Amino acid sequence: MSALLFNNATLIDGTGADARAAASVLVEDGRISRIGDAGAIAAPDGARVIDCAERTLMPGLTDAHVHFGLTDDGSRTPESHVSYVLKVVENIRIALDEGFTTVRDAGGLDPAYALAVEQGQIAGPRILPSGSFISQTGGHGDQRFRFTDDAPPSIPGLVAHSEICDSPDEVRRAARKQIRRGATQVKLMASGGVMSPNDPLESLQFSVEEMAAAVAEARSFGTYVMAHTHTSGAMNRALDAGVRSLEHASILDQATARRIVERDAYIVPTLVIFEILARSDRIPDYSRAKLELVRSEAAASVQTAMSAGVTIASGSDLLGPAQRRRASEIAEKAKHMGAMAAIVSSTKTNAALFRMEDRIGTVEEGQDADLTLVDGNPLDDIGALIDARNTPLVGKGGDVVKDAL
């Protein structure tokens, strides 16, 4: 691993501080070793010097709500396991190409894919896998139609289908199983969902006791629970159980926002997927009304969260094969939070949510050298983050993993 000197960059360090013009960043031994003014840092012998004029250097982007393993294109046609694996691997590679260096799986991805990335067998961001969704019968993770009891089984090391549980003991066992298989956090379904066939959006799923069983198991292993929660009712029940990460948070009232702050929890709004689904001609009729409800409330919920001081992380919730333009979520958030706050949500805040803030999320001395070089300045045009062609270089742990300079 040779040293790298990024010279004369506009630096957005991910902390929320103002962008720094004409900065230099030295990377040695996989870490950021020095930050200074352009020309103030001498390049070590053998170092590669990268001219960053008219480009912005940022922390590697992160995504707290990915579904690399949900590759269904809406046709519901059977496919081979080979086809499925190739689609998953493509999703993983696309994310890295777009400048994402760490992501958190929000369910449906077998942890084997994260291990394959870690071992260098697949080019991709670090993946924090959740394994199988844990859902109640008839819940958001129960994708069976009403007139069948047949649910596809998971295939450890390949496919992670939902675990259907209907008691604290069943939830406890399912949580232990996911952690045994390599999950870094546990994912519960705690409210109705847009794309599931049987549950109203406002339905409350899992009792507090059931969710608390998963929380206790996760804490025993030094980790936490994330929960699908569109409504304030579901969020409050999840908070009662000790859930740390509230996904979607699409219909949020002020009282619930205050409770989230009190409990030191996070919300992960997923705005762009609602816009993508609204444009799709493959949304089933049972999903249309639910989609329009969350779409009409989500932006106001972000404003409610901001006014209450809720910690807002960033997740895209992209679905299907060929998941491109992942940073569209950051651009969507910027409409409501401003460009800098949206960037911080996808860098420093996500890193804290992942409990990795001592390694990633900011460009600071001593941090891992996860870096994204972007043409132009995202503070002037947040859309610059969306197209992978505007990201000519990506570094992960000091290694250049994309180089289109």
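This tour visits a helix, a lysine and a cavity in a predicted model.

Residues are numbered from 1 along each chain as its sequence is written. Because the model is predicted, local features need pLDDT of at least 70 and side-chain atom pairs count only at pLDDT 80 or more, while totals for chains, interfaces and linings use all residues; side-chain values use heavy atoms, with hydrogens and water left out.

Select residues 339–353, which form helix 10 (helices are DSSP runs of H or I, at least four residues, numbered from the N terminus). Twelve of the 15 residues are buried (under 20% relative accessible area, 1.4 Å probe, protein chains only), among them Met 340, Ile 343 and Leu 353. Arg 355, which follows helix 10, has a positive phi near 60 degrees.

Next, select Lys 290 in helix 8 (residues 285–308). Lys 290 is buried, at 10% relative accessible area. Its side chain reaches the backbone oxygen of Gly 193 at 2.7 Å and that of Ser 196 at 2.9 Å.

Finally, select Asp 110, Pro 111, Gly 131, Ser 132, Ser 154, Val 159, Ala 160, Gln 178 and Arg 181, which line the largest cavity (a set of points on a 1 Å grid over the protein atoms alone where a 1.4 Å probe fits but cannot get out; lining residues have an atom within 4 Å of a point). About 40 Å³ of space lies in this cavity (the space filled by probe spheres set on the points).

Terms used. 1 Å grid on protein atoms, 1.4 Å probe; cavity = no way out; pocket = protein on both sides within 12 Å on 5 of 7 lines; lining within 4 Å. Helix = DSSP H or I, 4+ residues; strand = E, 2+ residues; numbered from the N terminus. Expected span 1.5 Å × (residues − 1). Buried < 20%, exposed > 50% of the residue type's maximum accessible area, 1.4 Å probe, protein only. Polar contact = N/O pair within 3.5 Å; in protein donor to acceptor, adjacent residues only side chain to side chain.
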